[in-house]
Every structure is written in structure tokens, then in C-alpha cells.
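User: Could you show me how to read aromatic contacts in a protein model? I'd like the general idea, then the actual case.

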Amino acid sequence: MEKVKYLILGAGPSGLTLANRLKDLGETNFLILEKEQEAGGLCRSVTVDGSPFDIGGGHFLDVRRPNVNAFLFRFMPQEEWDLYTRDSRIRVDGMEIGHPLEANIWQFDLPEQVSYLTSIAKAGCNLDAPMPERFVEWIVWKLGQRIADHYMLPYNQKMFADELDELGTYWLEKLPNVSFEETLLSCLTHKPYGTQPGHASFYYPKKYGYGEVWLRMAQELSPQVLYGMEADILDCDKRRVKTKTGEIFEAEHVITTVPWQSFGQIIGMPEEIRGLAAKLRSSAIETRYVPDDLPTAAQWIYEPDLQVPWHRILVRHNFCPGSRGYWLETRKERVAMFGDKPAAYHYLNEYAYPLNTVGKPEAMQKLSAFCQARQIYGLGRWGEHCHYNSDAVVELAMQSAQRLALL
Ligand SMILES: Cc1cc2nc3c(=O)[nH]c(=O)nc-3n(C[C@H](O)[C@H](O)[C@H](O)COP(=O)(O)OP(=O)(O)OC[C@H]3O[C@@H](n4cnc5c(N)ncnc54)[C@H](O)[C@@H]3O)c2cc1C
């Protein structure tokens, strides 16, 4: 059995950032266990048809966290990244409309604009109607029936789950109301309105896929990253982890960035809390390469049509210099819709989106409180079971290292 001060489960962005920051702070007694043979998690890339392909889906580094960007540029200098202005679109009503839809209704034909505006005027949030608690009704209340039917509901169904009412609304509550007056003004002046969505400006590596920066981070930690080590049993009382291949590790602090529901066994946790962990839900996403070019300047396109298998197209030739082709993101359950046609390349991510189901915040709060009292900490997209992007998990991991080093 090996003993360390910090045992980190998972060498994705969260685990790699945490370990590098601990090292910066003089804490070198750590190990990372990673089940794959390579670091990077959902942010890994491979080469397909001579150019990068991000196996976890299209990955872009938001510019909004300068401290995170500066940290990542330590491993992959800024000159190695291109800076882009976001151009993303939604295929709806036979057109490609700018994202977000509510800010770009002016791009439709006049009769369509009138129809969307009428529907927004009747949206519950514009009539001071009480806020519903179920996801489907909530979306209609917030955005109006037309945006709900033509985009938001089918798109969320394609990406997350068929049972939309199992999702909570707490994660959407900060969305600004869609204002009838602003939408009307935008249609009259032919300009988008409101605040820009995330990734309004983003970086993507010039010569590599998004996975490169994490590989370089992992190199800095070698040989403290152990590959092919899948954590299987977590013993909360002893802070011990047993891998699928039988190795045992014990630590003063265990930091887990892996999905809670993926442990084979959790020992020393009350039945009720173990049940909450096992019930956390997620969606699996397949990424698939198509070697054709698309006649669009967009970097990515949302596809809400339920008859089409995929929900998002990543137009690689618009963000990877010298590349061709595009890739598709499709929820696992919908992949059969492609039929028998073989894909040029495809990869299935069993854990892609943590689902924001009803009751999840309360379940995570109980789970975290129990674990933290035993020096076991959930970190990142899976440790906290939140839709964090990589820049957000890097920031959280930096803060977490600071806290751990003070203990
Ligand atoms: C389709 C899609 C598009 C996205 N687009 C963007 C984007 O444009 N920009 C952005 O910043 N972010 C994006 N994200 C989010 C980004 O992928 C995550 O924020 C980031 O990967 C989270 O890092 P993490 O380390 O917390 O988790 P992960 O990347 O999932 O890393 C977890 C690690 O744990 C390992 N692991 C799992 N189980 C075990 C086990 N039992 N034992 C040992 N190791 C284990 C995994 O192999 C993995 O290496 C996207 C995500 C998806 C699914």
C-alpha cells in the first residue's frame, strides 16, 4: 500500500491544475490516479484526417478568466493560440440564425418575426405570471411558446435527456427575461440585443487540438501521474482507494474529480448518502468526424430538429487552420439514428454532461458535507456534478490548492 499526503483521482483539467498548483505552493507529496493512458479527460484530442479532433466535443478556451488564461499560457504560451470572435448559429425554421435566438429574431422573415414577437409578448415572465417549477413549463414561461417549441425544448432533449421534467430549473434562473420591448427594438433596428453568451471571444490552439495544453501540464507532473489506474473502491473512514487492478493507496486528503456514480463501491458512507451519489445522472455523448467542408463561417451550429441525430456541428475548418471537415455531437441514445453507415472516426464519452436534475443541489450538499468532514473533497465537473467549463474548473482547482496547502 502506498501512502501520500494528497491523492487526486482523475488527470483531467481539475486534477492536473490542482496538482500543479500544489507543486507551486511547495506541496510535492501527491499522486494522481488516471484510468486512461493519457491525461486531459474530456479535453483530450487526437489527430483525425491530418488535423486535431477533440474527442470530448468542441472545446474552446473562454477569455473571461484572465488569471486562468495566464496560468494555462505558462504551459502553452499565448503565441501558440489563435483568438476568435464567436460565430455560432442555430438551424431553425429552415434558416441559420445567430445565437442566442432571442437576440437575433430580426434575422427571420417578417411573418416569422411577428410570430416570435407575439409569442414573447405572451411569455409568463412578461405577464408577471407565477414562475412554474417544472422544466418544460418553465422554459415556455421564460422564453415564450415559439422559442420553446422550435429550439429550447427539442435542443435540451437532444443534448440531455428525453425526460426533460426530471431537470430542475435552478440552473437557469439567472437567465435574463426575454423582453418584448428589447426584442421589438432589435427587430426594428436589425441588431442583436442583450448581453453576449459565454465564449464571445475564445482561444483555440494554432497547431494542436485543445488536448495539448493538458498533456503539457501532465508532463510537468511526471512521474506522479499514474496511468491505467481506475479508482474502484473508496473507503471514506480510512481515506483509502483501491484500483480495479488491485493497487491500494492511502492519503491524508483524497480529492476526487471522477463521477461519484462510477465508483464500484463506497465504504463507510451511510446508505442514504450512498444512494444520493448513485442516483446522480449524466448524459453520454458521441463525437463523430465527417470529412466534408460546410459552406458556413460559423465555428459551431446548434441543431434542434428531433429528426436529425446530432445536436451540434463543430465546423473544424473554421477554427483549425489548414484542416477540413466537421464533427458532430450526438447523445448516446440517439446514435442508432445514424444507421449502419460507418463513421470516419467516432468516440463515445460515457460521462459528458452532469444532469441538473430536481434535488441535485441538496443531494450534492449532503454528499460534500459528509465527505469534507473526512478530508475527502469532490472537485470539478464530476466531483461537484456541475456543468463547469474547463476555465471554471481550473479556477476552482487553483482555489482548492490554496485552501489545501493551508490545512
Ligand atoms: C460536449 C462538450 C463540450 C464542451 N465544451 C467546452 C468548451 O468549449 N470549453 C470549455 O472550457 N469546456 C468545455 N466543456 C467542459 C469540459 O470538458 C470540462 O469542464 C472539463 O473537462 C472538466 O474537467 P475535469 O477534470 O473536472 O473532468 P474530466 O475532464 O471529465 O476529467 C476527469 C478525469 O477523471 C478520469 N477518471 C474517470 N473515472 C476515473 C476513475 N474511476 N479512476 C481514475 N480516473 C478516472 C477521466 O479519465 C478523466 O481524465 C465541454 C464538455 C463537453 C462534454
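User: Is Trp-327 buried or exposed?

Analyst: Buried means under 20% relative accessible area, exposed over 50%, partly exposed in between (1.4 Å probe, protein chains only). Trp-327 comes out at 0%, so Trp-327 is buried. Phe-53 is buried too, with a relative accessible area of 0%. Keep in mind that this is a predicted model, where local features need pLDDT of at least 70, side-chain atom pairs count only at pLDDT 80 or more, and totals for chains, interfaces and linings use all residues. Residues are numbered from 1 along each chain as its sequence is written, and side-chain values use heavy atoms, leaving out hydrogens and water.

User: How many aromatic pairs does the whole structure have?

Analyst: Rings of Phe, Tyr and Trp (its six-membered ring) pair if their centres lie within 6.5 Å; planes under 30 degrees apart count as stacked, over 60 as edge-to-face and the rest as tilted. The search finds 27 such pairs. For Phe-53 and Trp-327, the centres are 4.9 Å apart and the planes sit at 55 degrees, so that pair is tilted.

User: And which pair is edge-to-face?

Analyst: One of them is Tyr-210 with Trp-214, at 5.8 Å centre to centre and 75 degrees between the planes. Both Tyr-210 and Trp-214 are buried.

User: Which residues form an aromatic cluster with Phe-53 and Trp-327?

Analyst: That one cluster also includes Phe-60, Tyr-84, Phe-202 and Tyr-204, as well as Tyr-289, Trp-300, Phe-319 and Tyr-345.
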